[in-house]
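Have the model open while you read.

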Amino acid sequence: WSLPNAERYALQYADGRQTYITESNRGEIKNGSILQLTTSPDQEAERLYSGIQSNNSDVKTDSLKKLASLSQDVTFAQEFINRNGLKQIFYIVEEGNDTGEMLAHTLKAFMELMEHDFVSWETLSAAFIKKIVSYVNMNAVDASVQQISLSILENMVPTSRLLFDLVKKEVTLDRLLTHLQVTNAQLQLKAMALLIALLLAATDAERRDIMDYLREKNIRQFIHKNIIHSSEPLGDEMAHYLYVLQSVSLNLCERRMRTSMDPYSQEQRELLQSLRQTAFESESEAPASNFSTERRRSLCAKEFRKLGFMNNSNPADDLRRAPPGLLALDNMVYFSRHTPNAYSRFVLENSSREDKHECPFARSSIQLTLILCEILHVGEPCSETAQAFYPMFFGQDHFFEELFCICIQLVNKTWKEMRATQEDFDKVLQVVREQITRTLSLKPTSLELFKTRVNALNYSEILKLRQTERLHQEETLAVPVLELRERLKPELLELIRQQRLLHLCEGTLFRKISSRRRQDKLWYCRLSPNHKVLHYGDVEEGVHSPPIESLPEKIPVADMKMLLVGKECPHTKEKSSGKQNKDVLELAFSIVYDVEEYCLNFIAPTRYEFCLWTDGLNVLLGKEMTSERTQTDLDVLLSMELKLRLLDLENISIPDTPPPIPKPPSNLNFCYDFHHAEQ
């Protein structure tokens, strides 16, 4: 166009995120993208740099507002930071007394500029951090300012120990709890995010102190009543934070779980003796003092045997195995002290049964504690994406111990239902594990409800469920049936392909996960109805199914080269392998497209979505569907189709070889001749 001073102009996308076109990203321009001519990033950065220093408050506010939106662009951010723009932002925050709209734009711009990782968080001045902290601690501050301030602190905490200590010292837990108890859901979410960031960055001792303090302040009851059971549905991000809080709480048991019993510890020996005394004190109270040491020892050994310890002369030996270590002892003591009647009934009932049929209390408790630790993932690191928390966890103090009390009584009940002997011990515990996991998968909202459901799921119910599942899995294996299966496969695989493509046409909401655990960026991807183009673009929280027109980016299917999954993806390689989370690896996939071999990176919200998307993309690439979901779907469809086809053959045995075809008859005179009839 022969414009004079061409370097002062640039092209920029007109829709969506208005990114500048540069030499590095010009190859990504798609056919049909609308571009606009605008001033170049360096001119714009220069203009806004002087605009935010203006004495006219309107000009200053407008410049800051524009800065907040343009800072999302990496080219502009680089230009602005090169002009020492951050210093000016620090100055506005440190020297200014404004707490309204202007400040909100300033902090938003700061957050966006920091997102590009050009500048380390550790370079922030103490005065700037103090100011940010003051916005969180003051009451008369606009909610939007407080939200961004909390986000800034949340991002600071994981970057260095120094910043963690500073934030922990300046923002009291009381203040955070005040923000948690507001009605503004966004502010509540950001406060929870900072609390979780502090918990994750803390040492074990600090984490224990924070959790103790939260327990004192009844935070659990508040979450249960006002967040889980609020009228608003729970967002994905809050669900993740509740999962982390649950995980951190349960991991406080880890130390006891990994500690073996010390037979020389007076305190631990007393706990062990208290178990025996609670169960048998009424029987042995009076005469015990008259017995000789030898007699007393043999009486104790007998009572420990009745309690179900394997090594009755030295019961501490049973608790040497870690895990579950001392956690098993804590659980047994909790059960005996908080539900003494149930405890005595368990022990006395089993000590009066025949030798082989008694259910050993101690041995069962040790094994059950281990099972509960495995089911609740005690001692495992928090996942970066999981949202699977148990609502009943927040409905109960001493959740782990109370759950144990319900489940140990379940062991006794199931033992009786199975008429088990000592040899069946592992079998009984296997059934109990199944009862617990099946009931937990129903997400009961309270322990009372869990207790009702788990007791209703008795041994005969488990057998019925197993039988049904077995019947679903088993198919007749006669040769003709296997041949029929093979013949039906192509037709059903085509059906699965169509379903996968339909799912891609509906589209899915994906999350962007950066190295700093920020989970609040969402984008949507869907396939065009003619299966020719993949459309995608950023969307706001709460948008569930945006129309194709609103998604600015597109990739023609013809340009797609290949699909990468798991460790092969570029976005999983970028993250440090030490911290690389297993669940993110399992959900990651990328499309390689264009001659330049660009990548579009995905992290699926669930394993189910991962399977459907990787299958659908493989279909578009003309390859086989490889996910485990394809196999299960094919098995279900084959099983259903076979049952329908074999309905008429009920109770008829199918031979392995087809019956022989009879010889042709010696003459064919029995055929009817139409010609004669017509004449």
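Predicted model: local features only at pLDDT ≥ 70, side-chain atom pairs only at ≥ 80, totals over all residues.

Cysteine 611 takes part in no disulfide, and the nearest cysteine sulfur sits 14 Å off, in cysteine 569.

How many disulfides does the structure hold? The count is zero. Cysteine 525 shows why: its closest cysteine sulfur belongs to cysteine 505 and is 11 Å away, too far for a bond. A disulfide needs the two sulfur atoms within 2.5 Å. Cysteine 525 is also buried, with a relative accessible area of 0%.

## Helix 1 against helix 3

Helix 1 covers residues 41-51 and helix 3 covers residues 74-82. Their axes come within 9 Å of each other and cross at roughly 50°. Angles from 65 to 115 degrees would be called roughly perpendicular and those under 35 roughly parallel, so helix 1 and helix 3 end up as oblique. The crossing itself is right-handed.

Who does the touching here? On the helix 1 side, the contact uses Pro41, Asp42, Glu44, Ala45, Leu48 and Tyr49. Helix 3 answers with Thr75, Phe76, Glu79 and Phe80. By type, the residues of this contact split into six nonpolar, one polar and three charged.

## Helix 17 against helix 19

Another pair to look at is helix 17 (residues 325-338) with helix 19 (residues 361-375). Here the axes are 9 Å apart and the packing angle is about 115°. Helix 17 and helix 19 make a right-handed crossing.

Which residues of helix 17 meet helix 19? They are Leu327, Ala328, Asn331, Met332 and Phe335. Across from them, helix 19 brings in Phe361, Ala362, Ser365, Ile366, Thr369 and Cys373. Sorted by type, this contact has eight nonpolar residues, three polar ones and no charged ones.

## A loop glutamate

Now for glutamate 624, which lies in the loop between helix 27 (607-620) and helix 28 (628-645). Is glutamate 624 buried or exposed? With a relative accessible area of 59%, glutamate 624 is exposed, since the label applies over 50%.

Notes:
Residues numbered from 1 in each chain as written. Heavy atoms only, no water. Axes fitted to C-alpha atoms, helices over the stretch in contact; angles between N-to-C directions. Helix = DSSP H or I, 4+ residues; strand = E, 2+ residues; numbered from the N terminus. Parallel < 35°, antiparallel > 145°, perpendicular 65-115°, else oblique. Left-handed = near helix turned anticlockwise from the far one by under 90°. Contact = heavy atoms within 4.5 Å. Nonpolar A, V, L, I, M, F, W, Y, C, P; charged D, E, K, R; others polar. Buried < 20%, exposed > 50% of the residue type's maximum accessible area, 1.4 Å probe, protein only.
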